[in-house]
Amino acid sequence: QLQLVESGGGLVQPGGSLRLSCAASGFTLDRYAIGWFRQAPGKEREGVSCISGRTNTSKYADSVKGRFTISRDSAKSTVYLQIDSLTPGDTAVYYCAADGPLGLYSLCVLDYNEYNAWGQGTQVTVSS
């Protein structure tokens, strides 16, 4: 059974940083794409970043390029999202999700409809 558990959220001041973790179990991480999504109150869920399983390529939403960095530690079955230069606009519940199993050269996408397993989310609040 696929399971994803997010951690690392919290309250941070504008300009601060956080590292979110997504611990995966029940499947082989390298055969799946992992995406990070966020949802603020009253807004649609937004894909912010994803990383492909075997190609290890990544994508970012335009709104977070240069501030968010996704990475994967296959030995720990964990995907990380480093978030720098946080602004109040980054306040949201952040979710990780898995899409797969995928083909050898498949790339990840930022469309949440493609993902079939989700974590419970972790709250990120940016406020002074």
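These legends describe close-up views of one predicted model. Local features need pLDDT of at least 70, side-chain atom pairs count only at pLDDT 80 or more, and totals for chains, interfaces and linings use all residues. Residues are numbered from 1 along each chain as its sequence is written, and side-chain values use heavy atoms, with hydrogens and water left out.

**View 1. Strand β8 and its two partners.**
Strand β8 covers residues 78-83. Strands are DSSP runs (E, at least two residues), numbered from the N terminus. Because 5 of its 6 residues are buried, β8 is largely enclosed by the rest of the structure. Buried means under 20% relative accessible area, exposed over 50%, and partly exposed in between (1.4 Å probe, protein chains only). Strand β3 (residues 18-25) pairs with β8 in the antiparallel sense over 6 bridges. Two strands pair if DSSP finds at least two bridges between them. Arg 19 stands opposite Gln 82 in β8. Strand β7 (residues 68-73) also runs antiparallel to β8, joined by 6 bridges. Here Ile 70 stands opposite Leu 81. β7 and β8 form a hairpin with 4 residues between them. Ser 77 in the turn has a positive phi of about 50°.

**View 2. An aromatic cluster of four residues.**
Phe 37, Tyr 95, Tyr 115 and Trp 118 form one aromatic cluster. Rings of Phe, Tyr and Trp (its six-membered ring) pair if their centres lie within 6.5 Å; planes under 30 degrees apart count as stacked, over 60 as edge-to-face and the rest as tilted. By this rule the model has 5 aromatic pairs. One of them is Phe 37 with Tyr 115, edge-to-face at 5.0 Å centre to centre and 75° between the planes. This pair links distant parts of the chain, 78 residues apart: Phe 37 lies in strand β4 (residues 33-39), Tyr 115 in the loop between β9 (92-99) and β10 (117-118). Both Phe 37 and Tyr 115 are buried. The ring centres of Tyr 95 and Trp 118 are 6.4 Å apart with planes at 80°, so this pair is edge-to-face. Tyr 95 in β9 and Trp 118 in β10 are 23 residues apart. Tyr 95 counts as buried at 15% relative accessibility, whereas Trp 118 is partly exposed at 29%.

**View 3. Arginines over tyrosine rings.**
The charged end of Arg 19 sits over the ring of Tyr 80, 4.1 Å from its centre. A charge sits over a ring if NZ of Lys or CZ of Arg is within 6 Å of the ring centre and within 35 degrees of the ring normal. Arg 45 lies over the face of Tyr 95, at 4.1 Å from the ring centre.

**View 4. The surroundings of Asp 84.**
Asp 84 is in the loop between β8 and β9. At 27% relative accessibility, Asp 84 counts as partly exposed. Leaving out residues up to four places away in sequence, Asp 84 touches Gly 16, Ser 17 and Arg 67. Contact means heavy atoms within 4.5 Å. Asp 84 and Arg 67 are 17 residues apart in sequence, yet 5.1 Å apart in space, C-alpha to C-alpha.

**View 5. The nonpolar cores.**
The largest nonpolar core has 29 residues. A nonpolar core is a set of buried Ala, Val, Leu, Ile, Met, Phe, Trp, Tyr and Cys residues joined through side-chain atoms within 4.5 Å. Residues with the most contacts inside the largest core include Phe 27, Trp 36 and Leu 81. A second, separate core of 7 residues includes Ala 33, Cys 50, Ala 97 and Cys 108.
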